[in-house]
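Here is a brief structural report on a complex. Look over the sequence and the fold, then read on.

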Amino acid sequence: MRRICGKELKGNGKDSMVFKNRWMKTAGMCAAAALLGLAATAQAAMTGTEIVQKSRDLYQGVDQRSTVTLELINSDGSTRKIVTKRLWKDFKGDQGYAAKTVFFTLFPPDSKGVGFLIWDTSDPKQQDKLWLYLPSLKQVRKVSVRDQDDAFMGSDLTFADMGQRLLEEDAHTLVGDETLDGKGYFIVESVPVSESIYGKKRLWISKDDHTTLKIEYYDRKNELLKVQDITWIRDGNMRVYKQLDVKNVQTNHRTIYTITDLETGVGLGDRDFSDRGLTRGYRE
Amino acid sequence: MCPGRWVLAGVAGLLAGLWLAATPAGAAVSGRLQQELAVRVSGQPLPTKGLSFLQLEGTGALGPGSYMVIGRVFYDGVLDAADPYEINPNLAPGDPLDPDYFAGAELKEAYADFLGDRADVRVGRQIVRWGLLEGARITDRVNPLDFREFLFRDVEDRYIPLWMVRADVYPAWGHLQWLAIPDLRFHKPAPAGSEWQEFELPSDLRRPRRSPRNTEWGAKAAWQMGEVAASASYFYTWDDFPAAYRSIFGVGGQLTGVSFDARYERLEIFGVTLSRTARGMVLSLEGAYDRGKRLATDAAAGVPGNEVERDVARYGAGVDVNVAGVDVSVLYIQEQIVRFESYIPVNRVERGASLMLREQFLNDRLEAELLGLYFATGRQYILRPKLAYKLTDHVKCAVGLDLLGGQRGVPPDAAGGARDFRFVGYFKDHDRVTATVAYRF
């Protein structure tokens, strides 16, 4: 198990790219210098789809457990806080699912114990699946897929935004690049080819490690709707969100998602992502 | 009402709170302080509820498992503001009020969980819900109901928790659940003094003793068939409504007496559910077959004991969909008596439908909700519009209307059902405005 975000790191080293000795490091630097030229050429030739694919392929660990705090800021400045425990596991296409995520609400008290379970499909013919556990009803209820366009816990991201659209559900075009704070970014436009509440999305993807710095969401009239800024936890080759700051420019509503207490490699299993896990609730 | 009773209840609640607060590290206490008001608006406005309660919920580790305890102390001060004979016109002068209705302390749930790799066990007083169609009570009949406030309380108050053992096993193909319920409790009618008093249990009602032989048993299997989630269940239970057998004594053709033997009878319930997601909708089907239901008969039919045994089929379909941001749930249910006879004084087929609309506004602080229920017999209906607003993360208030209508009918007598009984329409003059403030911690 590895703890990140100011906590101890006890990893077995498998998922961190650490060069063990100076000789290897020197040799590696020489090789890297040669490869960088090739890489730059390769990157220059990358298509929008390939760039987005790279951004999707970032290693996030085999599983994660974290605390996600949502700060919802209204246009009048009033704020509301929601604290959730998030469990996530990369299913790598097993049983047709790319990943599964479950959220358990810890705060506010009237939502305590409410659970959301999301199965992200890896099959374009299948729809994502979503379940909701309401302690007040003592029942797990399946939620319709159309509901995925609903705001996630009243925030500025939808359930669908919290999961991930399949690559082929959008047409991705490299429309330019930009240097920000001395770092280069591809600018890719993703236009939906299947049903979406958005007209398009514009993504700023790092040329260095393919992390996404910013996403602009446009409505169906192609007017700017939301701007999402992302900061990352970088640990070896692992890339995990640290904070998402999403502003709806049309309503002036804003949500800040902060990830803390991140642990990876915690050994989450199928049962954690089932109705059984939902009804059990979160347990340390 | 004896004031000492609710003082005692308060002390019991305080002690429970202290006990919970003093539990070892790892334990957590949360709870709710709630005030509920209701004013009848059919005719002259009349306060009918002034309920206050403190609920404490304690959780923590218990060896390899965990525990949950939920207790409550409550007091309804409506009698300080209104005459009980006005609140409940059916209450005859001199009829005693049920003090437990107005104040008391109650243990709601108390159970321990033991969680394994492939199986979980929950032992204690708990609520188990089967079924898919919310409120339909087709297969969802493990716990009996408390009608103290008709159908208007939340699940945690409407369902009577039972002491039981529940085991869940998770084989690769799905989920198996097994229940053993030695705690025999039955539907609880609204007591004397409640505005929702509708029918009474016979005073000489015989209840089955708690014993291994009388224990209720249930089993449910759930599995996935492609896109369809399916379940099948069996519940060997006691009918939550008693049967009232009548014996007539006569000598030489002259009637000399009538005696009633009211008792609960065994019932078997076979259930099945199916659900799937399609085109942005969740479609649900649910059916149950009750074997061994006792039904009252017309006295003139001369049926021995005045009761016949029949099977009853219940089934329903539901759709959940989001339309323009509004959550919509539509439900249709039907109940049919198998081998119906004209001397059974109820309808062979009963039909009902419900509609629920829900939408959130103002940064999710405001929630608007409308529940409509319709019963074809007697064109009875309930309409419940409600607005709930979160003042802070801890404080929520709500206002609503409970509107009831349809044919009024007459309540069943102690001997059994009445042909003109109208469960909802009977309260057609009980429309009310409600208000709730809850502080959660």
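**Confidence**

This is a predicted model. For the complex, the predictor gives an ipTM of 0.84 and a pTM of 0.84. The average pLDDT of chain B is 89. In that chain, 90% of the residues score at least 70.

**Chain B overall**

Chain B holds four helices and 20 strands. Of its 441 residues, 30% are buried. Contacts were also sorted by sequence separation. Among chain B contacts with a separation of 6 or more, 59% are between residues 24 or more positions apart.

**Paired strands in chain B**

Strand β7(B) pairs with β6(B) and also with β8(B). Both pairings are antiparallel. The table sets them out.

| Strand pair | Residue ranges | Bridges | Example bridge partners |
|---|---|---|---|
| β6(B) and β7(B) | residues 162–169 and residues 174–181 | five bridges | B:Asp168 and B:Gln177 |
| β7(B) and β8(B) | residues 174–181 and residues 216–225 | eight bridges | B:Ala180 and B:Trp217 |

How many residues does the hairpin use to join β6(B) to β7(B)? The hairpin runs through four residues.

**An exposed strand residue**

Is B:Val323 buried or exposed? B:Val323 is exposed, because 12 other C-beta atoms lie within 10 Å and a residue with 12 or fewer counts as exposed. B:Leu357 is 34 residues away from B:Val323 in sequence. In space the two are 9.7 Å apart, C-alpha to C-alpha.

**Domains of chain B**

Chain B is divided into two parts: domain 1 covers 1–108, and domain 2 covers 116–440. Between them, 25 residues of domain 1 are in contact with 22 residues of domain 2. On the domain 1 side, the elements giving two or more residues are β1 (28–40), α2 (84–87) and β4 (103–115) of chain B. Which of them gives the most? That is β1(B), with nine residues. By class, this side of domain 1 has 12 nonpolar, seven polar and six charged residues.

**Contact between chains A and B**

The contact between the chains takes 25 residues from chain A and 24 residues from chain B. On the chain A side, β3 (79–90), β7 (139–143) and α4 (275–280) of chain A each give two or more residues. That side of chain A has 13 charged residues, along with seven polar and five nonpolar.

**Nonpolar cores**

The largest nonpolar core has 33 residues. Those with the most contacts inside this core are A:Leu70, A:Val102, A:Phe116, A:Leu117 and A:Ile118. Several strands of chain A each supply at least two of its residues, among them β2 (63–73), β5 (115–121), β6 (129–134) and β13 (238–248). The largest share comes from β4(A), with five residues.

What does A:Leu117 touch, leaving aside residues up to four places away in sequence? The answer is A:Val102, A:Trp131, A:Phe273 and A:Leu278.

A second, separate core has 18 residues. Among them are B:Trp130, B:Ala136, B:Met164 and B:Ile269.

Technical notes. Residues numbered from 1 in each chain as written. Chains lettered and ligands numbered in written order. Predicted model: local features only at pLDDT ≥ 70, side-chain atom pairs only at ≥ 80, totals over all residues. Pairing = 2+ DSSP bridges. Buried ≥ 20, exposed ≤ 12 C-beta atoms within 10 Å, placed from the backbone. Contact = placed C-beta atoms within 7 Å. Nonpolar A, V, L, I, M, F, W, Y, C, P; charged D, E, K, R; others polar. Domains from an automatic or database assignment. Core = buried A, V, L, I, M, F, W, Y, C linked by C-beta atoms within 7 Å. pLDDT = per-residue confidence, 0-100.
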